[in-house]
Amino acid sequence: MVFMTTFNINYLNLLKFSFGFILIGNLARSLSKTPSSIIEVLILSILLVLALIYIFENIKIKYNHAIYFYIFLIYLLIHTFIASIYRPIELNGSFYEIFFYNVSEFRLSTLGYFLPLIFIPLLNKNIESFEKFFIVGLKFAIIYTLFEQLLSVLGLRQLFVDFYANSGVVSNLAGAKSFGMYRVWGLIGSPQLLGIFHLISLIFLLNRKENLWSILCIIAILFSTSKTAYLLLIIYSLIYLIQKKQYLLLLFGTILFSLISMSVVYFHLYLMEMNLTEDYPNFIKFTGSIHGYFLLAFNVEEVSAPRGFISGGPFFKFIEYFSNNPLEIFFGKGITYSIYQDTSSLIIDPYHYLTSDYYILTFIHQYGFVGFLLLIIIFLLIPIKEIFSKENLIYAIPIIFFLSMLHYPPQISKLMMIVVSYAMYSVYLKDDNKVGGK
């Protein structure tokens, strides 16, 4: 006698629940950090396992743009596998110890790249239902950012500091201001990434012609105080004009942006030359942060008197490493670890990550120019090509994601990657889903 049990899973509802939980992940971690983090990893793991089972049983991959995406994922997996096998021998450490570090780093820094796969099992008839729920989630995130910023400037900043204390997102800059506004965390949990998240949300809203919510989303981007997001908003405005074939406005916007940029640089130099920096502290702080981005790429600040800068920034270390190890430039150094700020007492210290301020350098440092080439093809070249031939605004999202990598690592936020991944699914994997016959 043979006993058989059939399990029916409503994947649409599971996906909605997962997105909803990750959406409020930082709020949940503020109440109970460890259980919430475990649940987040667990539901993402379940979704990926179910998606892989579905892919192996149903998907027939066509030789279209999707093939580059799958090659990219396989390349990342190969790096993880090699690090798990070879690194214990190289570092003379325990296999299980190194494996733990690799899994932890994969969860933090690499898992997000695989999340587009979780949307493949969605049947075509369920896509619209999920998108409606998805857009509601993006609107909730906008409302929360506006809510946090407004209450903060009205004198209730400490309320959010106390609430988020258990989540791990609060830093010693909790009281820092920019443009008269606080560096809010929102649902992303990072002031630096919050604006990027809302910019990506803006593209989804514009694509669905949600005009009122698009305006509120732009306000949320401004409220994030992320200078990176401000710059990318300007760049996306130019991309939007290209997609809408508004070439006269594009020319005018480019000229205006260039004139404003030159005026800002000129005024900054004038204030420095005339020693008037104390008269315009907010302006100097703004321009100084931009100047610091380029200055600290090749230099580090001395902590001893007299204060100054010496060579040794991330670009300097990057060039120095590959000058001494030229053959590694093709496939990179391998996985490096950002799970700990300080690894000096750990066996993995020789593979401490390069930097979090210039993530694109860390990516090349890890995966070499082969990995970087795949990254450019997937997140930049193909989307740029499609922008000129298709009206779908979603093609701009991979570009924005790639440009944000020039500064901070956007892939560490699972909420960010769920949103980006849905765009990547729409760009690369939706056609293969149809080929699967479902």
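On a 1 Å grid over the protein atoms alone, a cavity is a set of points where a 1.4 Å probe fits but cannot get out, whereas a pocket is an open set with protein on both sides within 12 Å along at least five of seven lines, and lining residues are those with an atom within 4 Å of a point. Grid points are joined across faces, edges and corners, and a volume is the space filled by probe spheres set on the points. The model is a predicted one, in which local features need pLDDT of at least 70 and side-chain atom pairs count only at pLDDT 80 or more, while totals for chains, interfaces and linings use all residues. Residues are numbered from 1 along each chain as its sequence is written, and side-chain values use heavy atoms, with hydrogens and water left out.

With these rules, the count comes to 1 cavity of 30 Å³ or more, and the volume of the largest cavity is about 40 Å³. Its lining is made up of Phe-69, Phe-72, Gly-112, Tyr-113, Pro-116, Phe-379, Met-417, Ser-421 and Met-424. The largest contribution to the lining of the largest cavity, 3 residues, is that of H15.

Among the open spaces, the second largest pocket has a volume of about 540 Å³. It is lined by 21 residues, of which Leu-48, Leu-52, Leu-77, Phe-106 and Phe-114 are the closest to its centre. Helix H3 (33–58), H4 and H5 are the elements that give two or more residues to the lining of this pocket, and H3 supplies the largest share, with 7 residues.

The aromatic side chains come next. Rings of Phe, Tyr and Trp (its six-membered ring) pair if their centres lie within 6.5 Å, and planes under 30 degrees apart count as stacked, over 60 as edge-to-face and the rest as tilted. The count by this rule is 38 aromatic pairs. One of them joins Tyr-101 and Tyr-340 in an edge-to-face arrangement, at 6.2 Å centre to centre and with 85 degrees between the planes. Tyr-101 lies in helix H5 (residues 95–110) and Tyr-340 in the loop between helix H12 (314–324) and helix H13 (359–387), so this pair ties together parts that are 239 residues apart in sequence. In terms of accessibility (buried means under 20% relative accessible area, exposed over 50%, partly exposed in between, with a 1.4 Å probe and protein chains only), Tyr-101 is buried at 7%, while Tyr-340 is partly exposed at 30%. Ring pairs also link Phe-19, Phe-119, Phe-130, Phe-133, Phe-134, Phe-204, Tyr-422 and Tyr-425 into a cluster.

Rings also meet charged groups, a charge being taken to sit over a ring if NZ of Lys or CZ of Arg is within 6 Å of the ring centre and within 35 degrees of the ring normal. The charged end of Arg-157 is placed over the ring of Trp-185, 4.4 Å from its centre, and Lys-333 lies over the face of Tyr-351, 5.2 Å from the ring centre.

Helix H11 (residues 281–298) has 18 residues and reaches 26 Å from its first C-alpha to its last, close to the 26 Å expected at 1.5 Å a residue, the expected span being 1.5 Å times one less than the number of residues.

Thr-225, in the loop between helix H8 (211–223) and helix H9 (227–243), has a positive phi of about 60 degrees although it is not a glycine, and at 0% relative accessibility Thr-225 counts as buried. Lys-245, in the loop between H9 and helix H10 (247–273), likewise has a positive phi, near 60 degrees, in a residue other than glycine, but Lys-245 is exposed, with a relative accessible area of 53%.

How values were computed: Helices (H or I, at least four residues) and strands (E, at least two) are DSSP runs, numbered from the N terminus.
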